[in-house]
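Subject: Handover of a structure

Dear colleague,

Please find below the structure that I am handing over to you. My notes on it follow.

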Amino acid sequence: MKKKFKILFFGTPEFAAFQLKNIIKNTKHKILGVVTKKSKKPNEVKKIAQKNNLNIFEPTCITKLNQLSEKIKILNINIILIIAYGFILPQNIINIPKFGCINMHASLLPRWRGSSPIQHSILHGDKYSGITFIKINKFIDSGNIIYQKKCIIKKKYTYQKLYNKLKIIGAKYLPKVLNNILNKKYKENKQNKKLITFAKKIKKTDGLINWKQDTAKKIKRKLKAFHIWPKVFFYYKKYIIFIWSVKIKKTKKKSIPGKILKYNKKGLKIFTKKSYILKIKKIQLNNHKKIKISDLINSKPNLFIPGKIL
């Protein structure tokens with residue numbers, strides 16, 4: 001292919017950096033500059049840009065992003081590629097490139113629009129996730145779909161495993177999508193408004209277990225979705241208890257959600273909603289290392305008291 005894009009790349013985290021590196025290394029398209037969020041230490045996108053002597057823009061707010069339009073016009077780009085950037089692009093920038101602005105999103109849009117699609121797909125027990133390429137408009141993740149690639153979310157997938165899977169899928173199909181756009185071999189499909197869900201930004205408090213509301217299955221999904229941050233935890237005595245390994249079991253017994261049933265070398269058993277028992281195998285007390293319950297009981301045999309309600 002003799003024709004190639006002149007690209008302005010918008011992105012910030014490692015997920016975006018992986019795609020940037022792939023374009024530079026494995027395609028004929030030319031990156032003329034990157035726009036990334038400013039941070040105290042250079043993020044991965046900026047590091048790659050510095051290594052390849054690319055123009056770097058780091059606007060700190062929407063207003064300053066808006067003011068970049070004249071500098072962007074000078075670059076003479078013909079397409080903008082956005083991957084996990086962090087700010088919504090103003091219309092005066094969207095209007096600049098001849099071929100428009102393309103966004104790569106880590107979900108099967110319109111499901112999980114927003115900033116945390118990977119965590120939410122795991123947290124809600126979705127069977128599938130994927131990568132979606134859309135044409136950008138002035139609303140968040142709502143543009144017409146150009147291409148989608150689905151993948152199965154296996155039961156063992158944590159956030160990190162699904163993240164890595166989607167990152168590789170994105171890198172595999174991004175060159176194909178760019179080439180199809182360049183050669184006008186694609187169709188735009190509107191998103192089905194009936195299927196829209198929103199992936200709200202994850203907060204630290206999302207990792208806190210609410211024993212009255214969270215089922216054992218939801219706690220286990222939280223463990224997979226939040227294992228990097230904010231982690232899954234509850235408060236007990238003077239401790240923040242982070243949990244790292246659990247099993248769940250259905251029981252015919254009735255009790256109060258959050259009630260400690262047993263604490264022995266086999267694990268810490270806590271009753272949860274819908275008659276399920278959460279068996280915790282490994283925990284971490286605040287400011288301590290991760291430890292198996294079978295080891296913890298040797299040093300703190302009376303830490304958890306059966307019958308006590310959390």
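Does Phe15 count as buried or exposed? At 6% relative accessibility, Phe15 counts as buried, where buried means under 20% relative accessible area, exposed over 50% and partly exposed in between, with a 1.4 Å probe and protein chains only.

Please note that this is a predicted model, in which local features need pLDDT of at least 70 and side-chain atom pairs count only at pLDDT 80 or more, while totals for chains, interfaces and linings use all residues. Residues are numbered from 1 along each chain as its sequence is written, and side-chain values use heavy atoms, with hydrogens and water left out.

Helices (H or I, at least four residues) and strands (E, at least two) are DSSP runs numbered from the N terminus. Helix H1 covers residues 14–26. Its 13 residues should span 18 Å at 1.5 Å a residue, and the end C-alpha atoms are 18 Å apart, which agrees; the expected span is 1.5 Å times one less than the number of residues. Buried residues in H1 include Ala16, Leu20 and Ile23.

A search of the whole structure finds twelve aromatic pairs. Rings of Phe, Tyr and Trp (its six-membered ring) pair if their centres lie within 6.5 Å; planes under 30 degrees apart count as stacked, over 60 as edge-to-face and the rest as tilted. Phe15 and Tyr163 form an edge-to-face pair, with 5.4 Å from centre to centre and 65° between the planes. Phe15 lies in helix H1 and Tyr163 in helix H7, so this pair ties together parts that are 148 residues apart in sequence. Tyr163 is also buried, with a relative accessible area of 11%.

H7 bends by about 35° at Tyr173, and Pro175 follows within four residues. The bend is the angle between axes fitted to the seven residues ending at a residue and the seven starting there.

How many residues of strand E4 are buried? In E4 (residues 79–83), five of five are buried. Ile79, Leu81 and Ile83 point one way, and Ile80 and Ile82 the other way. In a regular strand the side chains alternate between the two faces of the sheet.

Two strands pair if DSSP finds at least two bridges between them. E4 pairs in the parallel sense with strand E1 (residues 6–11) over five bridges, and Ile80 is the bridge partner of Leu8. E4 also pairs in the parallel sense with strand E5 (residues 101–105), over three bridges, where Asn103 is the bridge partner of Ile82.

Backbone exceptions

Most residues other than glycine have a negative phi, and most peptide bonds are trans. Ala84, however, has a positive phi near 50°; Ala84 is found in the loop between E4 and helix H5 (91–94) and is partly exposed at 38% relative accessibility. Lys274 has a positive phi of about 60° and counts as exposed at 60% relative accessibility. The peptide bond from Leu109 to Pro110 is cis, with omega near 15°. A cis bond also joins Trp229 and Pro230, with omega about 5°.

Yours sincerely
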